[in-house]
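Subject: Structure for your review

Dear colleague,

Please find below the structure that I am handing over to you. I would be grateful if you would read the notes after it with the model open beside you.

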Amino acid sequence: MSRISRDHYYMNIAVDVSKRSTCTRHKIGAIVVTGDEIESSGYNGNPRGLPHCDEIGCIRDQENIPSGQRMEVCTGVHAEMNALLQAGKGAKGGTLYSTIVPCNTCAKMIINAGIRRVVYLEDYPESMGRDLLTQAGVEVDRVELPED
């Protein structure tokens with residue numbers, strides 16, 4: 001039995017974090033790693049103190065809004081945003097692991113936080129976020145987790 005790579009190790013943790021999500025559409029998890037230390041984790045859901053979509057329903061579903069469009073309608077905070085908020089300045093120079101490629105809004109936050117590398121598991125319906133990260137010189141890598 002061989003040891004799993006660091007990317008697989010950290011992505012497995014992001015997958016576990018996603019299981020805390022309260023979003024009814026996509027359960028997303030993210031972690032910020034600097035050096036070999038996990039700085040923070042985040043999953044998507046409504047802001048603290050507000051009712052969650054798994055309790056009240058999804059406004060995007062109610063309005064029939066396709067994935068990747070009109071994201072401003074969603075009341076949820078993205079996993080990447082939550083992880084960056086918790087990491088604070090500790091994110092600088094680190095790697096963000098996300099179960100999905102970041103959207104455009106998250107990409108802007110990732111760039112300004114000083115993240116140097118983003119590792120993701122699944123693609124997103126729009127590519128603006130990935131394109132922006134690449135343009136800003138952030139290394140972007142997709143990984144696939146091996147079957148258990």
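The notes below go from the overall fold to the sheet and then to one pair of helices.

Overall fold

Please keep in mind that this is a predicted model. The protein contains six helices and five strands. Starting at the N terminus, the order of these elements is α-β-β-α-α-α-β-α-β-α-β. The radius of gyration is 15 Å, close to the 15 Å that the globule rule gives for 148 residues, so the protein is as compact as a globular protein of that length. The C-alpha trace spans about 45 × 35 × 30 Å along the principal axes.

The sheet

The five strands form an open sheet in the order S2-S1-S3-S4-S5, and the pairing is mixed. At the edges are strand S2 (37-43) and strand S5 (139-142), each of which pairs on one side only. From one strand to the next, the twist averages 20 degrees.

Strand S1 (residues 29-34) pairs with S2 in the antiparallel sense, over six bridges. Within this pair, Gly 29 has Tyr 43 of S2 as its bridge partner. S1 and S2 form a hairpin with two residues between the strands, and there Gly 35 adopts a positive phi near 60 degrees. By contrast, strand S4 (residues 117-122) and S5 run parallel and are joined by four bridges. Val 118 stands opposite Val 140 in S5.

A pair of helices

How do helix H4 and helix H5 cross, and at roughly what angle? The axes of H4 (residues 79-87) and H5 (residues 104-113) come within 9 Å and cross at roughly 20 degrees. Since angles under 35 degrees count as roughly parallel, H4 is therefore roughly parallel to H5. Their crossing is left-handed.

On the H4 side, the contact is made by Glu 80, Met 81 and Leu 84. H5 contributes Thr 105, Cys 106, Met 109, Ile 110 and Ala 113. Sorted by type, the residues of this contact are six nonpolar, one polar and one charged.

Yours sincerely,
A colleague

Note on methods
Residues are numbered from 1 along each chain as its sequence is written. This is a predicted model: local features need pLDDT of at least 70, side-chain atom pairs count only at pLDDT 80 or more; totals for chains, interfaces and linings use all residues. Side-chain values use heavy atoms; hydrogens and water are left out. Axes are lines fitted to C-alpha atoms, for helices over the stretch in contact, and angles run from 0 to 180 degrees between N-to-C directions. Angles under 35 degrees count as roughly parallel, over 145 as roughly antiparallel, 65 to 115 as roughly perpendicular and the rest as oblique. A crossing is left-handed if the near helix is turned anticlockwise from the far one by less than a right angle, and right-handed if clockwise. Contact means heavy atoms within 4.5 Å. Ala, Val, Leu, Ile, Met, Phe, Trp, Tyr, Cys and Pro count as nonpolar, Asp, Glu, Lys and Arg as charged, and the others, Gly among them, as polar. Two strands pair if DSSP finds at least two bridges between them. The radius of gyration is taken over C-alpha atoms; the globule rule is 2.2 Å times the number of residues to the power 0.38.
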